[in-house]
Amino acid sequence: MEATILHADLDAFYASVEQLLDPSLRGKPIAVGGGVVLAASYEAKAFGIHGGMPGRRARELCPHLTFVSGHFDDYQRLGDAAIAVIGDFTPLVERISIDEAFADVAGCTHLFGPPPDIAQAIRRRVRAELGLPISIGVARTKHLAKIASQVAKPDGLVVVDPDSELEFLHDLPVELMWGVGPVTQARLADIGVVTIGQLAQIPGRALERLLGHALGDKLAALAWNRDPREIKPHRRAHSAGAQSAIGRKPAQEQVFRPTLRHLADRVASRLRAKSRPGRTVTVRVRFADLRSVTRSVTLPAPISATAILAEIAEELVRGALADHPDEKAISLLAISVSNLERQAIVQLELPLGLAGDGRRPGSRTGMARWMADRAVDAIRDRFGWEAVGYGSVALEIVRSVPDEFRELAEKDL
């Protein structure tokens, strides 16, 4: 088969946009953010600076680092424009974030030439029309195309010949694989696996014991470039989630409760905006040693009310902490809602005084909560997000990552 899958990724996108908007920043180490690094230019990355790093640590690594505030409207505008350039060559475009997308060009080679020529044409247009660098990988599968685009960075093009896929893939570091984060990378390193080729030689059962059944099976297949996924244009998210890194804080109610309330507000407002209530609530708690645990519950009726989601999330986190009494500190909290539905007709309930009345959407209390949320939504739509909030949050949430920045990464529901 011919390599017709493209993965296009704008290089150091947020920092590149800032350097585009302010030419005096070009060639200099810059970081978007303040208290925490949201994004770093390649000049800053050379000093070891990366997204998620505390601003104080970044300044220690690079004393002449320049911090800039984000221009979120420009990020959205330029990201949309870059994806539109790809769409001029093929309708089969699957956008996976604000600054990257897959495309299948098999059906348009008679118009624009072979896939490598199309990739070069996209890169030239993005540079000429938008002034931004973009790296593209071309391969036979989505996974390999994404890896190729990473190898191509910065501002390059890598085409993987179908006849030499495994030779290209197996020499690369294992952390380039989709699904291998720092924790998985460390576990693999403990058994001497640092390249994808070494991972490919691990027996399936051993990999399952080390990483679990789902991840073990996935990585075993990808290590041999077995990836049958097709390009899915107009793909919508199947869940909505939010997370917050909180540093190293005590695993106590006064710490996690206000954070969960803020996360529930963000998630539930998205669900209501798209009329996509969900039935399954999942929380993730990361401890100080970076180990994580998850807890979830599936509800009899879909929810999108902030207070209901927050209360359920709090119960799940309390349960997770009770199961790990030796863990005294947490570093991250996350909430997600899945099993999304189109706006279901709420079945109203008789006031029977049943337990958990406030958490059932059709109860009197549940309906009151939903109406209060809609009033909050209306005020925010007119006056902005900060115009009104929920008084149940006892402590002020310090948001080191602006919500506008997080919204850029959210998929359409």
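1. Overall make-up. The chain's secondary structure amounts to 16 helices and twelve strands. Helices (H or I, at least four residues) and strands (E, at least two) are DSSP runs, numbered from the N terminus. This is a predicted model, in which local features need pLDDT of at least 70, side-chain atom pairs count only at pLDDT 80 or more, and totals for chains, interfaces and linings use all residues. Residues are numbered from 1 along each chain as its sequence is written, and side-chain values use heavy atoms, with hydrogens and water left out.

2. Of the chain's 413 residues, 46% count as buried. Buried means under 20% relative accessible area, exposed over 50%, and partly exposed in between (1.4 Å probe, protein chains only). The accessible surface is about 20300 Å², with 54% belonging to carbon and sulfur atoms. These areas come from the Shrake-Rupley method with a 1.4 Å probe; for residues, only the protein chains shown count as cover. Take the contacts in the chain with a separation of 6 or more: residues 24 or more positions apart account for 65% of them. Contact means heavy atoms within 4.5 Å.

3. Strand β1. Six of the six residues of β1 are buried, so the strand is largely enclosed by the rest of the structure. Ile5, His7 and Asp9 point one way; Leu6, Ala8 and Leu10 point the other way. In a regular strand, side chains alternate between the two faces of the sheet.

4. Partners of β1. Which way do β1 and β7 pair? They are antiparallel, over six bridges. Two strands pair if DSSP finds at least two bridges between them. Ile5 stands opposite Ala139 in β7. β1 also runs antiparallel to β6, joined by five bridges. There, Ala8 faces Ala101.

5. Strand β2. This strand covers residues 30–33 and pairs in the parallel sense with β4 (residues 66–68), over three bridges. Ile30 has Thr66 as its bridge partner in β4. β2 also pairs with β3 (residues 37–40), in the antiparallel sense and over three bridges. Here Val32 is bridged to Ala39. A hairpin of three residues leads from β2 to β3.

6. The largest nonpolar core. It has 39 residues, and those touching the most other members are Leu6, Phe13, Tyr75, Ile86, Ile122, Val126 and Leu132. A nonpolar core is a set of buried Ala, Val, Leu, Ile, Met, Phe, Trp, Tyr and Cys residues joined through side-chain atoms within 4.5 Å. The elements giving two or more residues are β1 (5–10), α1 (13–21), β2, β3, α4 (72–87), β6 (100–104), α6 (115–130) and β7 (134–139). α4 gives the most, with seven residues. Apart from this core lies another, of 33 residues, including Val283, Val285, Ile312 and Leu333.

7. Ile122. What does Ile122 touch, not counting residues up to four places away in sequence? Its contacts are Leu6, Val85, Ile86, Phe89 and Ile136.

8. Helix α1. Seven of the nine residues of α1 are buried, so this helix is largely enclosed by the rest of the structure. The buried ones are Phe13, Tyr14, Ala15, Ser16, Val17, Glu18 and Gln19.

9. Aromatic pairs. The whole structure holds six aromatic pairs. Rings of Phe, Tyr and Trp (its six-membered ring) pair if their centres lie within 6.5 Å; planes under 30 degrees apart count as stacked, over 60 as edge-to-face and the rest as tilted. Phe13 and Tyr75 form a tilted pair, 6.2 Å centre to centre with 55 degrees between the planes. Phe13 lies in helix α1 and Tyr75 in helix α4, so the pair ties together parts that are 62 residues apart in sequence. Phe13 is buried, with a relative accessible area of 3%; for the buried Tyr75 the value is 0%.

10. Phe72 and Tyr75 are three residues apart in helix α4, which separates them by about one helical turn. Both are buried. Phe13, Tyr14, Phe72 and Tyr75 make up one aromatic cluster.

11. An exposed loop residue. Asp163 lies in the loop between β8 (157–159) and α8 (165–170). Asp163 is exposed, with a relative accessible area of 70%. Asp163 and Glu2 are 161 residues apart in sequence, yet 9.6 Å apart in space, C-alpha to C-alpha.
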